[in-house]
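Please find below some notes for a colleague who is opening this structure for the first time.

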Amino acid sequence: MFLKYLKSSVLGLTAFGMSAVPALAEQCTNDTWNKVMSRGKLVVGVKADYKPWGFRSSDGAIVGMEVDIAQAAADAMGVELETVAVQSSNRMQFLEQGKIDLMIATMSDRPDRREIVGITLPNHYTSGTNIMSPKALGFTEWEDLRGKPVCGKQGAFYNQVVTERYGVEIIAFTGNAEAKQALRDKRCVAWVYDDSSIGSDLSSGNWDDFEMPLASEDDNPWAMAVPLAEKDCVFGNFISGLTYNMHENGTLIDLEAKWGIKATQYLVDKKAQYADWIQ
Amino acid sequence: MLESFSDFFRELADQYPRWNFIFFYEPVQWDRIMKGLRYTVVLSVACVIFSVIIGVVGAWLQGSSNRFVRNTVQGYIQFFRNTPPFVQLLFFYFALGQFTPTIVGADGWTETPIISNVGWAIISLSFFAGAFNVEIFRAGIEAVPESTQEAAFALGFSRFQVYKEIVLPLAFRVSLPSLNNNLVNLVKTSTQAMAIAVPELLYQCVSIWNDYPSAQYPTMLLLFCSFVFLVGILVLGMHRWEQKSRIPGYGG
């Protein structure tokens, strides 16, 4: 009896929440695509604290590899590009609410995320989980971290993974800067993050006493995302095609080199996989 | 009953992917919520106590005959009342945290500061709310009639005695409604401790909805309910106190 009552009240609440979500993919309304075209401006959510994928240049503009991809999308659509800085913990919400039209924000492609936003394939990049730790500690394997305090970033999916797998005690900060400062202040023994980002930090010369000592785990492709309702419509198909072409003609590999990112096997493999049979 | 309770929410999550009340059927997530709740309660209780002490002492020092003491209190109020608590937290933990003694861990590298992030959160939030409390108590003190104090002085009370025995008990009664407001705000401001990774309720909730995007709305609902409950207890207690300490014919 009680449950029945509870159920009806929760369902009522749910119906209220659901009404904002358009019917799924049965018919394409292409709302976002049409809005972008009539407005003449594509609003893309990118990272602003993730060098060199999305970061602020000295004049304050957001630049980086993913911003270049966003620019390519805007150019192909013949509209202007506007970038919005997003965080790991709000990027999907921004897309859902329509604050951004497209998200290219170093997001790992996870099954539960596919239920919330329209993740387009192919994936445009990949990264694994690793740590940056002081050379003095000489970690060699993940098990060395058991029970130790490790700084992390709110919103990263592997916080949970390493907690459950290795019993690491994650201290999660809201921003990368705070987390890395806490590592410098010796509040934790390591900083757990994407290996690609740690790699570029280490090569920046500001982290000479630190290293990335472990074997990367959970290699996880990154994805761009459009609103869920547009995934199988014009917008989603366009982004899929754009990403495919950027793999096929080597643009992504060029961009990687342009931004000084250590070359990943993933992009090379994808290029080979999508190679044109006529050439 | 409990079994069907969690089954109900598991079923609900299957039917409505945006309403995954995961903490009602996964013990791990439930433990996270409980842990967060404990930290929030500890933070709130400690900050409420310390901020009231700061308020009482500060208001007394404000009436000091020493100009230097008065100016110091004034400076403290201006600084803490006029700057965002979020920035204060970050500054206390990162900037001032550098100067506190540390204990070097067994690995020879980690340095555990003697004041933890929870400690800094309590200090910083207490000082923040304390600045408001000083002003609140001052208003209460000013409402105590001059003649009452003079009468006490005439009976041979010292300045401290007058403050402790006459002024403060009367001022407290006048201040309670505004104190109540400020303490309610303080409990809610404790969520900002998330900035320095204090694992309180908001921190745990954000972590859960980052791990399970489908649990976002339910977790937000849980946050609302928890704070309505926590603040409700505080307000109830304050009202009881207000009623008990009421002097017929004095004040509201």
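1. Strand E7 (residues 118–134) of chain A pairs with strand E12 (residues 217–226) of chain A in the antiparallel sense over seven bridges, where strands (E, at least two residues) and helices (H or I, at least four) are DSSP runs numbered from the N terminus, and two strands pair if DSSP finds at least two bridges between them. Within this pairing, A:Ser127 stands opposite A:Asn220 in E12(A).

2. The model is predicted, with local features needing pLDDT of at least 70 and side-chain atom pairs counting only at pLDDT 80 or more, while totals for chains, interfaces and linings use all residues. Residues are numbered from 1 along each chain as its sequence is written, and chains are lettered from A and ligands numbered from 1 in the order in which they are written.

3. E7(A) also pairs in the antiparallel sense with strand E10 (residues 190–194) of chain A over four bridges, A:Tyr193 being the bridge partner of A:Asn130. A further antiparallel pairing, over two bridges, joins E7(A) to strand E11 (residues 210–211) of chain A, and there A:Pro134 stands opposite A:Phe210. Because 13 of its 17 residues are buried, E7(A) is largely enclosed by the rest of the structure; a residue is buried if 20 or more other C-beta atoms, placed from the backbone, lie within 10 Å of its own.

4. Which residues of H9(A) are buried? They are A:Phe235, A:Gly236, A:Ile239, A:Thr243, A:Met246 and A:His247. Seen down the axis of H9(A), these buried residues fall within an arc of 110°, so they line one face of the helix, the arc being that of the directions from the helix axis to the C-beta atoms. H9(A) is followed by A:Gly250, whose phi is positive, near 80°.

5. The domain assignment of chain A gives domain 1 (24–126 + 221–273) and domain 2 (128–219), with bounds that come from an automatic or database assignment. The C-alpha centres of these two domains lie 26 Å apart.

6. Between the chains, 26 residues of chain A are in contact with 25 residues of chain B, contact meaning that the C-beta atoms, placed from the backbone, lie within 7 Å. Helix H1 (2–18), helix H5 (111–114) and strand E9 (169–173) of chain A each supply at least two residues of the side of chain A that touches chain B, and the largest share of that side, five residues, comes from H1(A).

Technical notes
A residue is buried if 20 or more other C-beta atoms lie within 10 Å of its own, exposed if 12 or fewer, and partly exposed in between; C-beta atoms are placed from the backbone. Two residues are in contact if their C-beta atoms, placed from the backbone, lie within 7 Å.
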